Amino acid sequence: MVTEVNLCGVSLKNPVVPASGTFGFGLEMAPVYDINVLGGISLKGTTREARFGNECPRIAECPDGMINSVGLQNPGIDVLVGKKLPALREVFGGAVIANISGFSIDEYVECCARAAEAPETDIIEVNVSCPNVHGGGMAFGTSAGAVSEVTSAVKGVCGGKPVFIKLSPNVTDITEMARACEDAGADGVTLINTILGMRIDIRTRKPVVANRYGGFSGRAVFPVALRMVNQVRHACSLPIMGCGGVSCAEDVLEMMMAGATAVQVGAENLRNPFVCKEIVENLPDAMSRLGIEDINSIIGIV
């Protein structure tokens, strides 16, 4: 039974990848179970400078999901390349995906270049859901022009390592953004990022999270993510890492049928830290029950 997949020349023993922001830098879980069962790990989103993040409270529970407004808390690019990546590579042999965020084109370029230069990095994943401080605060990922500009800029500094653009679902047409990535030279796309949401404490008459709005994720968003993956699969030829509401092996297979080559598991890691391990263990049985000998045979069949 074949579970190995290939992302732009990077081999993954299986398609299961913990999503950025839900698995730290991988090192946090290494003492808990053998993380080498995973196909890859998308690391905590990293910016040029260390960030404390947004004010608390910044998490709100929802039925079948959660809203977060953590605000890209991270130790900065120096710590990523100087400490986190070398330490992770000592204990993990799978695909290492450096997730990069930025508030200007210059910041994206600098951080992507630094991450790509690190020998431990296999894939660069660029989060374009950050507000453009030079563009009135609008997120880069809500404008096809801005997506194209970021993609072109970072592709030129990544030394040939695959660049995946992580797209925001908070747009009118996700395929327009994906085609902008493709035209600008992206090697692949990750979708979806979180959906903008809100909760209100009806006793205090105030938003639950201090930042008022936050990113909604979890099982409830799976149908939306699946639809967008399928739309992008039919709109362009870029490989896709599907993400959004995945919680079991069957979800992985469904996401791959929609068009994903690899599948990221996000919010479910926060509910069950062992979920990725369980999905990897359950995947062969789920494939067997469905008569799937080679997992690559189902990619984009719908």
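Let's start with Tyr-33, which counts as buried at 7% relative accessibility (buried means under 20% relative accessible area, exposed over 50%, partly exposed in between, with a 1.4 Å probe and protein chains only). This is a predicted model, where local features need pLDDT of at least 70, side-chain atom pairs count only at pLDDT 80 or more, and totals for chains, interfaces and linings use all residues. Residues are numbered from 1 along each chain as its sequence is written, and side-chain values use heavy atoms, leaving out hydrogens and water.

**Aromatic pairs**

- You'll find two aromatic pairs here; rings of Phe, Tyr and Trp (its six-membered ring) pair if their centres lie within 6.5 Å, with planes under 30 degrees apart called stacked, over 60 edge-to-face and the rest tilted.
- Tyr-33 and Phe-274 make a tilted pair, at 5.9 Å centre to centre and 35 degrees between the planes.
- That pair links distant parts of the chain, 241 residues apart: Tyr-33 is in the loop between β3 (16-18) and β4 (40-42), and Phe-274 in the loop between α7 (268-271) and α8 (275-289).
- Helices (H or I, at least four residues) and strands (E, at least two) are DSSP runs, numbered from the N terminus.
- Phe-274 is partly exposed, with a relative accessible area of 35%.
- Tyr-108 and Phe-140 pair edge-to-face, at 5.3 Å centre to centre and 85 degrees between the planes.
- Tyr-108 is buried at 1% relative accessible area, and Phe-140 is buried at 1% too.

**A charge over a ring**

- Arg-58 lies over the face of Phe-52, 5.5 Å from the ring centre (the cut-off: NZ of Lys or CZ of Arg within 6 Å of the ring centre and within 35 degrees of the ring normal).
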